[in-house]
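Here's a quick briefing for anyone meeting this structure for the first time. Have a look at the fold, then read on.

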Amino acid sequence: PFGDLYSLPFTALVDDNGEYLIEKFALSFAPSIGTLMDLQKRINGNDSLQNDKQGQSDATFAAIVGSPYYHNWMKPLPGAQSEAQDIHEIMKRAEKASKLFIAKGASKDAVTKAMKGAAVIHL
């Protein structure tokens, strides 16, 4: 989206019957044309994520973060840890390299270090 469209809550859009469009259609948007071009490369098979069998180099894995430990100053987001674990399993089945960071393993230091070398980051 550009300009005023960037602040439009697309998930809140409804059709003529008052039903949310998100319930009928898949919604996706890119924050920039560069992101869109990168996604197109991945669709065409020029994916920056390598197969697990090829090993993990610094920019060929997905960093998946779920339910980091907040030292008890914030409650964990319900479902975040299981979502991260599910995505990690999907990546494994697709033979894509990924690193899972959950609970105390998802420390600020560990996650920021991984983000510097990750091709994909899921928070």
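Two strands count as paired if DSSP finds at least two bridges between them. Helices (H or I, at least four residues) and strands (E, at least two) are DSSP runs, numbered from the N terminus. This is a predicted model, where local features need pLDDT of at least 70, side-chain atom pairs count only at pLDDT 80 or more, and totals for chains, interfaces and linings use all residues. Residues are numbered from 1 along each chain as its sequence is written, and side-chain values use heavy atoms, with hydrogens and water left out.

**The sheet**
- Three strands form an open sheet in the order β2-β1-β3, with parallel pairing.
- β2 and β3 are the edge strands, each pairing on one side only.
- On average, neighbouring strands here are turned by 10° against each other, direction ignored (axes are lines fitted to C-alpha atoms, for helices over the stretch in contact, and angles run from 0 to 180 degrees between N-to-C directions).

**Strand β1 and its partners**
- β1 covers residues 62–68, and six of its seven residues are buried (under 20% relative accessible area; exposed is over 50%, partly exposed in between, with a 1.4 Å probe and protein chains only).
- Six bridges link β1 to β2 (residues 98–103), and the two run parallel.
- Within β2, A62 has S98 as its bridge partner, while V65 has F101.

**The helices**
- α3 (residues 108–117) lies across β1, β2 and β3, running at about 160° to β2 (contact means heavy atoms within 4.5 Å).
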